[in-house]
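Q: Could we go through this one together, slowly? I'm still learning how to read a structure.

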There are 2 protein chains.
Amino acid sequence: MIPFQYHNPTRLVFGVGAIAELQHFAPQLGRRLLLVYGGGSILKNGVHAQVTAALKQAGVAYVEFGGVEPNPRHTTLQKAVTICHEQQLDGVLAVGGGSVLDGAKAICAAAAMHADVWEIVVGNVKVSGALPLGTVLTLAATGSEMNSNSVITNWQTNEKIGWSSPFTYPRFSILDPQTTCSVPAEHTVYGIVDIMSHILEQYMHHQEQTPVQDGFAETLLRTVIDQAPIALQNPTNVDARAQIMYCGTMALNGLLSMGVRGDWATHNLEHAVSAIYDIPHGGGLAILFPQWMRYALDQGIGSKKLAQLGTHVFGLPKPIADTPTELLACAHAAVDRLQQFWQTLGAPTRLADYGIAHDRLEELAERTMRRGPFGRFIALDRTDAIEIFKRS
Amino acid sequence: MIPFQYHNPTRLVFGVGAIAELQHFAPQLGRRLLLVYGGGSILKNGVHAQVTAALKQAGVAYVEFGGVEPNPRHTTLQKAVTICHEQQLDGVLAVGGGSVLDGAKAICAAAAMHADVWEIVVGNVKVSGALPLGTVLTLAATGSEMNSNSVITNWQTNEKIGWSSPFTYPRFSILDPQTTCSVPAEHTVYGIVDIMSHILEQYMHHQEQTPVQDGFAETLLRTVIDQAPIALQNPTNVDARAQIMYCGTMALNGLLSMGVRGDWATHNLEHAVSAIYDIPHGGGLAILFPQWMRYALDQGIGSKKLAQLGTHVFGLPKPIADTPTELLACAHAAVDRLQQFWQTLGAPTRLADYGIAHDRLEELAERTMRRGPFGRFIALDRTDAIEIFKRS
């Protein structure tokens, strides 16, 4: 373990029927709110009706702002900021998945700072305040409901950049697993891959003496692996949906990264791909993560940890002797099992599945290097990135 | 899982050398603080010097208040409240173990409410505010550093009562595992028993579908069981001390009780004993918990969960068939292993070890029933309590 600080002020309100609690919490955000959502699925599945009923019961006024995209665009969010100013709104209620929540964080910060959204994302404006944010989550995936992170895309420059601020933790997040029962299979799978990737990014670290962090990560991985097929077979199995939703929140609320330095190279690789090709984040991760793992193993790094993943998560037999050869074999078997698991769920395995060819490799690699060499488990540069993209 | 809310605003500052960070955080509590501590061990082990140096560096004034007892007394704390008023103090910095932190929470609430400490503890005064509290932890045990709980003793009425308020979460808690390297073996053991008991109280629940909560609890138990002998063998092994300290915080910060209803009967039984006999809380728990488990098994309750404890935590072979007989045998083996483990560390196994005889059984049972039948895994009444005390 290395020294760390942990502070997560978000209130979780979890369980079937939890949206009714919104009437008690919405007033914490103010008297006049911006109600932010995405493509409109909440209009079909009844969530919009539940949310607005709760807001009315709370006596809170609201202005609606729908249409936040997957991979949310700074230009769209800037329009929402203008509305916040024009209508003199006090706070933001985001209803949707990770993209909506990430977008709402940018709106909250830009509105309070009277700044341009993209200037905040790239760090040119230092965030020293934000409108208060509450969320109602409708997709288990990004963990944005209980962290301060936000990923925003700029389609003018083909950049997809993550940022965060201590001021963008949601005041509260309402998680009713029923809202995820109508999520189509494809997006359920992307969410599952995203959750598992968040866990794996933090699991792949070099710190010694981390039995708690590793045990927590393995518990979450085993749970998602057990529950994912149930939720896909029977989409309205609310128990399985609840488990996955809960794991998604625990996967990226800071719990797993106390005292360790996770890798996060694969997320950087994926952001480069989806900033150019607009593919789903979860799809990109399913393709890239196994290749990143194999690339690390080829460099002689990570066999012990990936063998541990194999034995503790996938139930592979523990190597009898901890020789390098046995560990490596077990590690490769673990990566195979991971890839097979995602494939069985219906996730893609090759960039070619998205029609991505070799012609823009240099451009992709360029994007991964925006902040220089990346990855903390194994440091990667442009050459490494190209090699991983080629293998993918 | 059952619906739940989770909100824990405490900032953890963890790691060797973390006390130096106090200079950055102390001003959050105000300009003039009450520095609360216990019997004075912090004067010997250098922690007092480190803390006061950081306060001076921060330019924060302080008034010292030492002498908070183990099982802290409401009368002592009331004196501290008077000082807060007389000296017009802004906040409280507690430096010590669970008793000091619990006592400081009572001081903070009573000072802000201008109320009597005991009136707050018994709930006659509803807490609607508290002076801001920061802590520097020097003993891994109660988890008080990252929760809002407080247990206070009244020696006039021989009552030991737990209370809590959303206003008594520490603003920050500084955990430097080095501070625990000078804790004597006996108190190290009591702390370990306390930590494991907190985990077990929450682990013993009847909710279905709780793989995450159970997996987290088992991870913490395995880690404490692995690290405890190392810390006792080599008290200055700061890695082992860090693991135990971290587990202590995670054991009772709300993480393990999301979506489950823990039992907590054993804590009620123990509070009755230590309110009369002033024995160490950890010692009482080591005696009572195995007897509570066996009593539950004798009532036909808990064999499945305790067999799970045996296989997942103590490495017992999984029963081949899940027949009641096999599960029960495995469960009893798990309880034996738990008791043996605590005994090996040097914890007591019988109330007689503290010179407690059968003569005040009725009085003890009376105290356990203050709020009526207790325990949520198995509901106990006066007769059950007497039986468990007899067996102990």
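Q: Okay, in chain A, what share of the contacts with a separation of 6 or more comes from residues 24 or more positions apart?
A: That share is 79% in chain A, where two residues are in contact if their C-beta atoms, placed from the backbone, lie within 7 Å. Please keep in mind that this is a predicted model, in which local features need pLDDT of at least 70 and side-chain atom pairs count only at pLDDT 80 or more, while totals for chains, interfaces and linings use all residues. Residues are numbered from 1 along each chain as its sequence is written, and chains are lettered from A and ligands numbered from 1 in the order in which they are written.

Q: How many helices and strands does chain A have?
A: Chain A has 15 helices and eight strands, which are DSSP runs numbered from the N terminus (H or I of at least four residues for helices, E of at least two for strands).

Q: And why is chain A called as compact as a globular protein of its length?
A: Its radius of gyration, taken over C-alpha atoms, is 21 Å, which is close to the 21 Å that the globule rule gives for 392 residues, so chain A is as compact as a globular protein of that length. The rule itself is 2.2 Å times the number of residues to the power 0.38. Along the principal axes, the C-alpha atoms of chain A fill a box of roughly 65 × 45 × 45 Å.

Q: Switching topic: how many residues of chain B are in contact with chain A?
A: On the chain B side there are 32 residues, and they are in contact with 31 residues of chain A. The elements of chain B that give two or more residues to this side are β1 (4-14), α8 and α9 (238-251). By class, the chain B side divides into 19 nonpolar, nine polar and four charged residues; Ala, Val, Leu, Ile, Met, Phe, Trp, Tyr, Cys and Pro count as nonpolar, Asp, Glu, Lys and Arg as charged, and the others, Gly among them, as polar.

Q: Do β1(A) and β1(B) pair in the parallel or the antiparallel sense?
A: They pair in the antiparallel sense over seven bridges, and two strands pair if DSSP finds at least two bridges between them. As one example, the bridge partner of Tyr6(A) is Leu12(B).

Q: How many strands form the open sheet?
A: The sheet is formed by 12 strands with mixed pairing, in the order β3(A)-β2(A)-β4(A)-β5(A)-β8(A)-β1(A)-β1(B)-β8(B)-β5(B)-β4(B)-β2(B)-β3(B). Its edge strands are β3 (61-65) of chain A together with β3 (61-65) of chain B, and each of these pairs on one side only. Within chain B, strand β2 (residues 32-36) and strand β4 (residues 91-96) pair in the parallel sense over four bridges, with Val36(B) standing opposite Ala94(B).

Q: What about helices: at what angle do α8(A) and α9(A) pack?
A: Helix α8 (residues 211-233) and helix α9 (residues 238-251) of chain A pack at about 145 degrees with their axes 9 Å apart; axes are lines fitted to C-alpha atoms, for helices over the stretch in contact, and angles run from 0 to 180 degrees between N-to-C directions. The residues of their contact include Leu220(A) and Val224(A) of α8(A), and Ile244(A) and Cys247(A) of α9(A). This contact divides into 10 nonpolar, three polar and one charged residue.

Q: And over in chain B, how far apart are the axes of α7(B) and α9(B)?
A: Those axes are 9 Å apart, and the two helices pack at an angle of about 35 degrees. Ile195(B) of α7(B) and Gly248(B) of α9(B) are among the residues that make the contact, which has six nonpolar, three polar and no charged residues.

Q: Last one: which loop holds Gln88(A)?
A: Gln88(A) lies in the loop between α4 (74-86) and β4 (91-96) of chain A, and this residue has a positive phi of about 50 degrees although it is not a glycine. Gln88(A) counts as exposed because it has 7 C-beta neighbours inside 10 Å.

Conventions. Buried ≥ 20, exposed ≤ 12 C-beta atoms within 10 Å, placed from the backbone.
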